[in-house]
Amino acid sequence: MQNLLGGLLMIAIAVIAVVQGSALSIGSLRHIGPGMVPMTLAAFLGLIGVVLILSWWRGRERVGTGRWPLRGPVFILGAAVVFGLTVRPLGLSVAGPLLVVIAAFASAETRWKEIIIFSVCMMLFCLGLFRYALTLPIPVAPWLIGY
Amino acid sequence: MDALIANLSHGFSVAVSLSNLGLCFVGVVIGTLVGILPGVGPIATIAMLLPLTFNFDPTGALIMLAGIYYGAQYGGSTTAILINIPGEATSVVTVLDGHQMARQGRAGVALGTAALVSFFAGTVSTIVVAALGVPLTKLALLFGPAEYFSLMVMGLSFAVVLAQGSLLKAAAMILLGILLSTIGTDIETGEERLTFGFAELADGIDFVVLAMGFFGFAEILHNLENPETRDVVKGKIGRLLPNLQDIRMSIAPMLRGTGLGALLGILPGNGAVLGPFASYATEKKLSRTPERFGKGAIEGVAGPEAANNAGAQTAFIPLLTLGIPPNAVMALMVGAMTIHGIIPGPQVMTKSPDLFWGMIASMWIGNAFLLIINLPLIGIWVRLLHVPYRLMFSAILLFCSIGIYSINNDPSDVLLTALFGLIGYVFIKLGFEPAPALLGFVLGKLMEEKLRQALIISRGDFMTFVDNPVSAVLLLISVVVIILAVVPAIRKTKEEALSMS
């Protein structure tokens, strides 16, 4: 299964690249255009995809793909996305604890009281380190203090 | 020889300035600290700590980053000995005898030996890096586009061969990495390529975004699903310094390990990963009592640890002289250098000698710091091993997110990283190792540029890569290593060697 899905994924990437790059001129060997390298790479990727699918078809490989629990990806990546969306308008003071709390949903071991205290401590620590010690221009709390 | 001493002393004069010394120290300390935390490898460590260096001048920033790198490497060995988990691929071998020593109540001696041989190996390889710096840079300046292109092809071929798992999948990841590097504005025509119409992608994908997505985020996802069984050594660490007999048994393995590690580390395409394996195999073969190996033989710690550290350091040679990173960690150093406005390559030595020699000198200083801080502070490190992962992963995620945002003060970078985290996670699930993609990504732009230049010079004749003797030899080597890797017998040995991890 690994090889079948992996092969399909490679072919999909190749197709996306070809469709996206269809407007780019290939040029000639004498003067390579912007499309030549991406298209060649896409072709090779597609080829590897085909070979992977063939190797699955020939039945050499019977490796499963394991479990695909959604909990981790949804909450971890979701937490990062929420951070990206909130850090500008709400600042680190809100986006930081929000990220920690959302991410905590990803683990079954989370203890809620602990994580709430931890999220505030982490936020204060990161504010002190990044904003004040390293003076990186990350918003603190625009809705409260204006920056 | 005189020039070498002059250059090194210039480097030391840069590196011992109070601020650089301080940065090196801070780098080594936090590198060790984060490297020891379970579930954080060197790539994630460096990516996560990159924003700490944004405010410093390039020399200071790189000295600090190099310190973080040694610290993270050394932290990997500590976790290998104390909790039976290799922090990274190169300390896999240390687990075998190091953890056994720890279980026999000799954890302190194992750690002490690891620190001492690492310091020795670090000292030797600092000199090797300094000695090879000038001649290799001169050689690199003679390279035309065709030679450069073939050199990178060779590096990537090695990377494919040395990657874990399927060759085909490693090759796919390298090609994908190069493909991702073509996203953004074309260098010659200014046309936007593969940007899906997003203005954010016009400047291309930021290297750190890709690295954090594939390593920081995807690693968290992987660790949450596969909780480590931590086998923390209970009881006392014991005496740290090896006794006379330990020293007598360690010296020869240390010398051989240093030699092997330094030599393999110079190879393009992550030769450094082979050093500890080669050293362990050598010591076991040479030993009069090979049956002791795997049961706490001190030679099995001294040799591989020396090789590990020597290789970690000589891996800087291809990066500093040729501008070609040999592995994913060095690729990250390229990303860091680029953020600070330095394009790695042969011109660094001539254009910014302070940075070049200062960094080399700081390698030795960093190793000395490691020795000083690690032996007395081992008690603190042990306590860190008990930090529960349920708290750590959200802290890592927060650090990564703040770091990514801070590169360009652009929230869309965080979203893009989450996307790459998802892609990286799917790849790992399907048996694709993401490290080669990072290498392909870093080399991609340069490769395309050199390919175009070479073909313009040769008027579209592909034979230019074969007519040029240097280029032809490099390509021949690439073909040979790939063919060798496909030969079933050799493939099996490689799998056995790497499957220890």
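In this predicted model, Ser118(B) touches Glu305(B), Asn309(B) and Asn367(B), its neighbours within four places in sequence being left aside. Ser118(B) lies in helix H5 of chain B, which spans residues 92-142. The relative accessibility of Ser118(B) is 5%, so this serine counts as buried.

Two further helices of chain B pack together. Helix H3 covers residues 42-49, and helix H13 covers residues 328-339. Their axes are 9 Å apart and form an angle of about 10°. Angles under 35 degrees count as roughly parallel, and H3(B) and H13(B) are therefore described as roughly parallel to each other. On the H3(B) side, the contact involves Ile43(B), Ile46(B) and Ala47(B). These residues meet Ala328(B), Val329(B) and Leu332(B) in H13(B). By class, the contact has six nonpolar residues, with no polar and no charged ones.

Chain A is divided into two domains. Domain 1 runs over residues 2-57, and domain 2 over residues 71-145. The centres of the two domains, taken over C-alpha atoms, are separated by 39 Å.

Cysteines were examined next. A disulfide is a covalent bond between the sulfur atoms of two cysteines. The structure holds zero disulfides over all chains. For Cys121(A), the closest cysteine sulfur is in Cys126(A), 11 Å away, which is too far for a bond. Cys121(A) is partly exposed, because its relative accessible area is 46%. For Cys400(B), the closest cysteine sulfur is also in Cys126(A). The distance is 11 Å, so a bond is ruled out here by distance. Cys400(B) has 1% relative accessibility and therefore counts as buried.

Definitions and conventions:
Residues are numbered from 1 along each chain as its sequence is written. Chains are lettered from A and ligands numbered from 1 in the order in which they are written. This is a predicted model: local features need pLDDT of at least 70, side-chain atom pairs count only at pLDDT 80 or more; totals for chains, interfaces and linings use all residues. Side-chain values use heavy atoms; hydrogens and water are left out. Axes are lines fitted to C-alpha atoms, for helices over the stretch in contact, and angles run from 0 to 180 degrees between N-to-C directions. Helices (H or I, at least four residues) and strands (E, at least two) are DSSP runs, numbered from the N terminus. Angles under 35 degrees count as roughly parallel, over 145 as roughly antiparallel, 65 to 115 as roughly perpendicular and the rest as oblique. Contact means heavy atoms within 4.5 Å. Ala, Val, Leu, Ile, Met, Phe, Trp, Tyr, Cys and Pro count as nonpolar, Asp, Glu, Lys and Arg as charged, and the others, Gly among them, as polar. Domain bounds come from an automatic or database domain assignment. Buried means under 20% relative accessible area, exposed over 50%, partly exposed in between (1.4 Å probe, protein chains only). A disulfide is a pair of cysteine sulfur atoms within 2.5 Å.
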